[in-house]
Amino acid sequence: MNARETEAGTASEYGRYRLRGRQSEVAALRVRLAALSRGRGATVLIQGSPGIGKTRMLAEARHMAEEARLRVIHGGGDPDAQTIPFGALLGALHSGGERILPAPATSAGRYWLLQELQEYLERAALAAPLVIAIDDLQWCDEGTLLALRTLPQRLSPHPITWILAARTGPLTPNARATISALNLPGGHLLTLAPLAGKAVAAMTGDLLAATPDPGIVELAQQADGRPLLINELINGVLDEGAVTVTDGVARLTHRRLPLRFHASIQHRLEQVSPAARKAAQIASVLGRTVSLDQLAELTGESVVTLLGPLEELLLADLLAETDGALMFSHDLIREAIRAALPATLRKALRRQAVDLRLAQGMPVVRIAADLAETAEPGDGAAVGLLRQAARDLAIVTPSAAVEMSRRAIELSALDPVRQAGLIAESLPLFTRTGRAGEALALAETALRRPLPVDVEAGIRLGLALVAGQQSFTEAVRHSRAGIALPGLPPRTRAPLMSLLAFNLALIDAEEIAEAEGLLPDALATADQVADLASRATLLGVSSIVAEHRLDVHRALDLAGQAVAASSDARYADVLWLPGVWRSLLLSLLGRVEEALAQADDGVRRARHHGQADQLRLWCMARCRIYLDAGRLGDARAEAEAVLAMSDELGPGNFDDITARYVLGRVALHTGDPAELARGEEFAASIMRVEAGQIRRAGAWLAAQAAAEGGDQARAMELTTEAVGSYHRPASALSCPADPADEVALVRLALRAGDRDRAVLVTEFAETRHRLNADIPVFAATALHARALVDGDDVLLDRAVELYGDIPRPLVLAAALEDTGTVGHLDTALRLYEQAEAEHDATRVRDRLKGLGERRSRAVSGRPTAGWDSLTASELQIVRLVAGGATNKQVADRLYLSPHTVSTHLWHAFTKLGISSRVELTRLVLEHEAACHK
């Protein structure tokens, strides 16, 4: 009797049967789900080769979660939907009866959409523990991959367990980056190996609904332990009637591999009718889910006529019905059927499907990938559609947008002028996605042909913008080439001139003089065509020049004018946000509180208007201002937030450099070994930047690290270039400048025995004070430097007195430390401890000990762990979070970025020795109860 006739029922898709041979993996998942029930989330990545049982494991995990009454949402990547922004994750969040996310929000930039996704997941997790299961990670879209490599870490304090499945083997760069992020400490990797002998026998028995004899088990072993192949093999011998069942034992009637196993999918396809075969082939081109309407259109048959062929495909296990939809039983089945089609036929069918979907009103982004692969050179309509798709995708899926732009450029090769225009339009997009080299190559190729002036100028402008991310010199070259074009209209000349002046001002002292000479003509051109963006940029450059010339009052006034001009211009067209520059100038002048208020307002407005790039700029300014203000915990959190935004927004150039510099300086004050090592790496990366002012900032950071390590000679070597620039006469240590740096360099030079260098730096500080006699911070630093050079205690006391009126506690503490008196050292210790500058505090304690005085941190300052170790910002955030607020709600209330909130929260968790919000809430309640006793 054939096994299909036993009362146990028919054998079918293996996933419906008991999971075999995965006891350890199931146990690991059970542990994670039990922890989730107690409020502790986790990330689990299931990996393995195709057909090894990843989807089945994911189904088992969902079943266990549902049995434990945990809320489960699930979805998966689709190879045909990789251009749909956040499609896989949004599909999961919109699945089921109770939706996590009320409605799609894909029109927002991907930074803001990611924040929105985080917000709704936080809210859901606050209501009840949540399991998020995502299959086929290798086929997820760019937005979903970004979310999967960022949200699990950010949401790790919440009761959310992520269970993700991905193929091993070749992967896209985005998929590789996501898997690497998921494999970081804290993640759990389950690698599915082939099934062992006992598991193979057990699975074979499940499929046969009988006990297999040794012959069948031996045959099943030839499937190499891959569940999908075991399923194919056993169903193959059943189809051929090669199995009999007697007294519950299944035996083979002949010992040969079934034809179905030899030619698997193709063999099954040959057994169905021509109509069913045609339907399967066309369906394989359309997608993993079978659309009856589209299938009917492309086959030329009615939906009613197709029902018979589709029933055949279901019986042959080629198609399956899942959640009310027809799908291929396994992605490998669909891939095999599609791959067997002749390439020309496959391409023709795909193009017909594209035209059909467009005619049905499907958004172009959904079929952009198929359109890109099937269009022919010279297809103007396809070029236009791909250009539209690139624009639609750029804000949320820039990598996919680049692919659409690249293909549009290729297809327009027969029209060089149109192609050049597309290249000019695409240059910023290529740069945002880290493909500046490819953008430059495309543009250089276009420039080899004669082009209309406006087209060539557009390419030169785009090249200058691209080059400015890596080389100010190259940006200058392209700007000059564009300006030199004959017949260049003023509307194009204005942005090119502003770009030229901007990049010249950032290279070094010699070039800044050239920038200064350009300004009158450039401003006149911008005014002639009412180009407010260029005017704002040029006024910002004028302010940079004035600060370089030590005319800081004029620099501040020009920055204010630039802010006014930029308020009426499109933000995207202004090269440098003038308000950010003005806030940094205020901090330089010692007006830290005013600078911080302006930065806070900038963050608030950027959040309100949804300007992510602008938000990052303001966060960059704020991290530097926090450093000046001696708020090291806040500076570190804000700088980390700036760097965290790079994944969503792309590299931030000056933003990232400033954040790295701030983190390096914070590490020098705190003395954390790991952070110090990272700070030295940051210094080395900044020193590789071409621009002299920025490069010297990296060298200054490295010099301070060398001096702290006792290598005074190396410190002197690293500051040689900076010292050589003092006669120009601008300060060149950090960027933006810090007047206190000169005092630090004087101190460092004197320790190294280089009095000449100390005198030179002191004379510069005095010149700066003389040119700006009414600015207290310049007076204080000039007196301080001279006091150190001359060993004049009276001048040093006077400097300390002046610092007392300037909100720079770390600078004041350093001056108090220089006096060497017990009373002043005590005050310095208190200031260092309040700022969490533990390395500085330890140094002062050692000095006090040498003077016969003992100071314990536990007695005199904030401890390093526990409730009392929290900073004011951390304490504020902890209380809001414990009260049930999401990160976004905290950010909205405190005018922070969500990244900053996350960073503060992590530091607080570390100090409190906890890892979840459940623990935090309990700790806060216990602390408040103790306080009320």
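# Terms set against values

Q: What makes R123 count as sitting over the ring of Y120?
A: The charged end of R123 lies over that ring, 5.5 Å from its centre. The rule wants NZ of Lys or CZ of Arg within 6 Å of the ring centre and within 35 degrees of the ring normal. R123 over Y120 is listed as such a case.

Q: What kind of model is this?
A: This is a predicted model: local features need pLDDT of at least 70, side-chain atom pairs count only at pLDDT 80 or more, and totals for chains, interfaces and linings use all residues. Residues are numbered from 1 along each chain as its sequence is written, and side-chain values use heavy atoms, with hydrogens and water left out.

Q: Over which ring does the charged end of R604 sit, and how many Å from its centre?
A: The ring is that of Y895, and the distance to its centre is 3.9 Å.

Q: Why is the pair of Y111 and W112 called edge-to-face?
A: Rings of Phe, Tyr and Trp (its six-membered ring) pair if their centres lie within 6.5 Å; planes under 30 degrees apart are stacked, over 60 edge-to-face, the rest tilted. The centres of Y111 and W112 are 4.8 Å apart and the planes stand at 85°, so the pair is edge-to-face. A search of the whole structure finds two aromatic pairs.

Q: What makes W906 and F909 an aromatic pair that is edge-to-face?
A: Their rings are 6.1 Å apart, centre to centre, with 65° between the planes. Both residues lie in helix α48 (residues 898–912), three residues apart, about one turn of the helix. Helices here are DSSP runs of H or I with at least four residues; strands are E runs of at least two; both are numbered from the N terminus.

Q: Are W906 and F909 buried or exposed?
A: Buried means under 20% relative accessible area, exposed over 50%, partly exposed in between (1.4 Å probe, protein chains only). F909 has 1%, so F909 is buried. W906 has 28%, so W906 is partly exposed. In the other pair, Y111 is buried at 1%, and W112 is buried at 18%.

Q: How do you know that N887 is buried?
A: Its relative accessible area is 1%, so N887 counts as buried. N887 lies in helix α47 (residues 887–894).

Q: What joins the side chains of N887 and S902?
A: A polar contact of 3.0 Å joins them. The term covers a pair of N or O atoms within 3.5 Å; within protein, one must be able to donate a hydrogen and the other to accept it, and residues adjacent in sequence count only if both atoms are side-chain atoms. Leaving out residues up to four places away in sequence, N887 touches residues including Q118, E122 and R917. A contact means heavy atoms within 4.5 Å.

Q: What makes V580 stand out in the largest nonpolar core?
A: V580, Y803 and Y832 have the most contacts inside this core of 144 residues. Such a core is a set of buried Ala, Val, Leu, Ile, Met, Phe, Trp, Tyr and Cys residues joined through side-chain atoms within 4.5 Å. Helix α30 (residues 612–628) gives the most to this core, with eleven residues. Beyond residues up to four places away in sequence, V580 touches L617, W618, M620 and A621. Apart from this core lies another of 39 residues, among them V354, I409, L427 and L429.

Q: What makes strands β9 and β10 a pair?
A: Two strands pair if DSSP finds at least two bridges between them. Strand β9 (residues 319–322) and strand β10 (residues 325–328) have four, in the antiparallel sense. A320 stands opposite M327 in β10. The two strands form a hairpin with two residues between them, and D323 in the turn has a positive phi of about 55°.

Q: In what sense do β6 and β8 pair?
A: β6 and strand β8 (residues 249–252) pair in the parallel sense over two bridges. P212 has A250 in β8 as its bridge partner. The open sheet has three strands in the order β6-β8-β7, with mixed pairing. The edge strands are β6 and β7 (243–246), as each pairs on one side only.

Q: Is F86 buried or exposed?
A: F86 has 0% relative accessibility, so F86 is buried. F86 lies in the loop between β2 (71–76) and α3 (87–93). Its phi is positive, about 60°, although F86 is not a glycine.
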